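Trainee: I am new to this structure, and I would like to understand the words that are used for it. Could we look at it together?

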Amino acid sequence: MQLRTKALNKTQLRKQEVSWFGKDLTRRSKSSCELCGATHTKLFVFEVEPIPKVPNIHHCLFACDTCYS
Ligand SMILES: [Zn+2]
């Protein structure tokens, strides 16, 4: 049980860390989805495999809700 909580926190921390790239990714993508090019939509930061040990902006993509899910 404790292990599960720990893993969850790690995931949440990771999400927080990659979300810091949001500002740079907004600039890089010009506020559009980097997969389908959609604009005026909420964009999410997600990591691309292979996921590095330390969050790296070059391993992140900025994508809309449709591409993200
Ligand atoms: Zn998209």
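Mentor: What follows is a conversation about the terms and the values behind them. This is a predicted model, in which local features need a pLDDT of at least 70 and side-chain atom pairs count only at pLDDT 80 or more, while totals for chains, interfaces and linings use all residues. Residues are numbered from 1 along each chain as its sequence is written.

Trainee: What is the average pLDDT of the protein chain, and where is confidence lowest?

Mentor: The pLDDT is the predictor's confidence in each residue, from 0 to 100. The protein chain averages 91, and 94% of the residues score at least 70. Confidence is lowest in helix 1 (residues 2–19), with a mean of 82, and highest in helix 2, at 97.

Trainee: How many helices and strands are there in the protein chain, and in what order do the elements run?

Mentor: Helices (H or I, at least four residues) and strands (E, at least two) are DSSP runs, numbered from the N terminus. By that rule there are three helices and two strands, and from the N terminus on they run α-α-β-β-α. The C-alpha atoms fill a box of roughly 40 × 20 × 20 Å, taken along the principal axes.

Trainee: How do you know that strand 1 and strand 2 pair, and in which sense?

Mentor: Two strands pair if DSSP finds at least two bridges between them. Strand 1 and strand 2 are joined over five bridges, in the antiparallel sense. Within this pairing, Phe 46 stands opposite Leu 61 in strand 2.

Trainee: Which residues does Phe 62 touch?

Mentor: Two residues are in contact if their C-beta atoms, placed from the backbone, lie within 7 Å. Not counting residues up to four places away in sequence, Phe 62 touches Leu 25, Ser 29, Cys 33, Glu 34, Leu 43 and Val 45. On the same exclusion, Val 18 touches Val 45, Glu 47, Pro 55 and Cys 60.

Trainee: Which residues make up the largest nonpolar core?

Mentor: A nonpolar core is a set of buried Ala, Val, Leu, Ile, Met, Phe, Trp, Tyr and Cys residues joined through C-beta atoms within 7 Å. The largest such set here has nine residues, namely Val 18, Leu 25, Cys 33, Leu 43, Val 45, Cys 60, Phe 62, Ala 63 and Cys 64. In soluble globular proteins, nonpolar side chains tend to be buried together.

Trainee: Why are Lys 30 and His 40 called exposed?

Mentor: Lys 30 has 10 C-beta neighbours inside 10 Å and therefore counts as exposed, and His 40 is exposed with 7 other C-beta atoms within 10 Å. Lys 30 has a positive phi of about 55 degrees although it is not a glycine, and His 40 also has a positive phi of about 55 degrees without being a glycine. Most residues other than glycine have a negative phi, and most peptide bonds are trans.

Trainee: Which form does the peptide bond from Glu 49 to Pro 50 take, cis or trans?

Mentor: That peptide bond, from Glu 49 to Pro 50, is cis, with omega near -5 degrees. Pro 50 lies in the loop between strand 1 and strand 2, and Glu 49 lies in that loop as well. Glu 49 has 6 other C-beta atoms within 10 Å, and so is exposed.

Technical notes
A residue is buried if 20 or more other C-beta atoms lie within 10 Å of its own, exposed if 12 or fewer, and partly exposed in between; C-beta atoms are placed from the backbone.
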